[in-house]
Amino acid sequence: MEQVLANGLYLGAQYALIALGLTLIFALMNVLNFAHGQLYVLGGFVTYTIYGQLEMPFVAALFAAAVTLALVGGLMERFLFRTVLKRSVREESTMLLAAGTAFFLDAIILLIFGEKQRGVPKIVDGVFNWDFRLIMPYDRILIGFLAIFAIAAFVLYMQYSKTGRALRALAQDRVAAQLMGVNVDRYSMIGFALGAMLAGVVGGLLVTITGVNSGIGGPISIKAFMMVMIGGAGVISGAIAGGFILGMLESVGLSVLHSYGDITYLMIFASLMVFLSIRPQGLMGKPWG
Amino acid sequence: MSQLLRFTDVELYYDHVYALKGVSIELNEGETVALIGANGAGKSSILRAITGLQGIRKGEIVFDGNRIDRGFGPDAIVKMGIVMVPEGRRVFPFMSVKDNLLMGAFTRTDKGGINATLEMVLGRFPRLKERYTQAAGTMSGGEQQMLVIGRALMAKPKLLLLDEPSLGIAPKLVQDIARSIVAINRDEKVSVLLVEQNSRMALRISHRTYALATGSVALSGESTALLEDERVKSLYLGGEVS
Ligand SMILES: Nc1ncnc2c1ncn2[C@@H]1O[C@H](COP(=O)(O)OP(=O)(O)OP(=O)(O)O)[C@@H](O)[C@H]1O
Ligand SMILES: [Mg+2]
């Protein structure tokens, strides 16, 4: 029981961080970023290269992943989404663009980093063992706490910083935000960069536990959509709730349904369908709050 | 009196349909100028042209001696000292009153100055102080109107553009809002360009008024004189009670 809860929390924290990035971009630009999982993979590979290959400190690698992904996100907004959003009148255009970007990034990642599963040396050794009721390697505990710390930092930043306030204003009423002097182009770019950075940070955190490979971008994106749908699109609290719920479901599923084979996600998808037919707007369904 | 805003022969189109066809208006420093007219006359379009939300096809807009009708986005216009309170209020609904007000000061960096303006706004609209941490979207229409006027004042504008502040607000509160506008103009030395369908209120609290009809100025003059003008009485003050 304790074991299942702890695993769920650890996983939920990573997931929540992924969902936050996706929901931020959605709230700001009304774009579902299909390439979010690929950004996660990129973050993993940057960390792998700097920490695993170049043997520099993990903290430096994580920092580099954050900066790289913020840059990639900023460029994506500036040269892809901004141009398409300005010219197109139909929403499908940005969806196609996002899907195309996902395939493009997949190809780039495959080209640069290859198709092999990559892992890195453990960041800390040892296993925490509480009477065999709760067993958890110290590196998982550390990564879990780092993710929770990042979630808290992001929430506080959105709530209390001037930039965070401007991003929330932009998501709630674009025109009114402009009339207060917010430069829509600049802040859309900042928001996109921030969202991509969050995906990259999780990629960098999780590469130390599960490793990374070029094929997991798509599945990560799908998980991110599920979390955002569970919580309600475009809502901070919803993304966090969705992340922890999915993490918990996965953890419970893996221990309870284990004996029936690999059906956890089948069950999760089925319950999500039922849930959404009852509450299509998700748990906290309202615009950005 | 020095001129603060000048509109010369402005033409504005939405696609191929004109909204303004050769409008010229002026506003001097310290003045409250009203724009009245029926639905679709082009009142909001004038404000949208000033703020850079909508480009103009012909003519000139000059503010404080500089042309502002080309190459300035809405954020640049705010920095010059023009702030608009849009039609339909548009508070940030899920933000607290406090955060809404702070958003008003987005272009400012002088912390001390921002706090002083905040004190002034809360003093002028005590209701906002009572609702300080409440989500703006849950307040009444009148309270939201006070909030958006306060939010605009937080930018410390030279020129305040108000688009139908009386729309959808209880008559008793309209009086309060009208008084606040007069007080802001007088005490804070903010010039005001006021768009109103409530013509009587607009004529009473403004120095000068322009009456618009389908994209051009039909009548203009001192508001006190227009209040007695027969044409104005029949066209704009007709069935209204006040
Ligand atoms: N975004 C738009 N697209 C197309 N036409 C528009 C748009 N906005 C306004 N118009 C048209 O331009 C004309 C002037 O509109 P405007 O909003 O300036 O009028 P108004 O005097 O503010 O009216 P109201 O009192 O109803 O607010 C109207 O005929 C209107 O239909
Ligand atoms: Mg209007």
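This is a predicted model: local features need pLDDT of at least 70, side-chain atom pairs count only at pLDDT 80 or more; totals for chains, interfaces and linings use all residues.
I started at ligand 1 and found one of its oxygen atoms 3.2 Å from an N or O atom in the side chain of E164(B). I count a polar contact as a pair of N or O atoms within 3.5 Å; within protein, one must be able to donate a hydrogen and the other to accept it, and residues adjacent in sequence count only if both atoms are side-chain atoms. Taken alone, ligand 1 exposes 630 Å², and the protein buries 61% of that (Shrake-Rupley areas, 1.4 Å probe; for residues, only the protein chains shown count as cover).

Residues are numbered from 1 along each chain as its sequence is written, chains are lettered from A and ligands numbered from 1 in the order in which they are written, and side-chain values use heavy atoms, with hydrogens and water left out.

Back to ligand 1. A polar side-chain atom of E87(B) lies 2.9 Å from an oxygen atom of the ligand, and a backbone N or O atom of G42(B) also lies 2.9 Å from a ligand oxygen. I get 13 residues around ligand 1, with N39(B), K43(B), S44(B), S45(B) and Q197(B) the closest (near means a heavy atom within 4 Å). Helix α1 (43-51) of chain B gives the most to this shell, with three residues. Helices are DSSP runs of H or I, at least four residues, and strands are runs of E, at least two, numbered from the N terminus.

Next I looked at α4(A), residues 92-113. Which of its residues are buried? I list T94(A), L97(A), A98(A), T101(A), A102(A), L105(A), I109(A) and F113(A) (buried is under 20% relative accessible area, exposed over 50%, partly exposed in between; 1.4 Å probe, protein chains only). The face turned away from the buried side carries exposed L96(A), F103(A), F104(A) and L111(A).

Last, I checked phi. Most residues other than glycine have a negative phi. N30(A), in the loop between α1 (2-29) and α2 of chain A, has a positive one near 60 degrees. F132(A), in the loop between β1 (127-130) and β2 (134-137) of chain A, has phi near 65 degrees.
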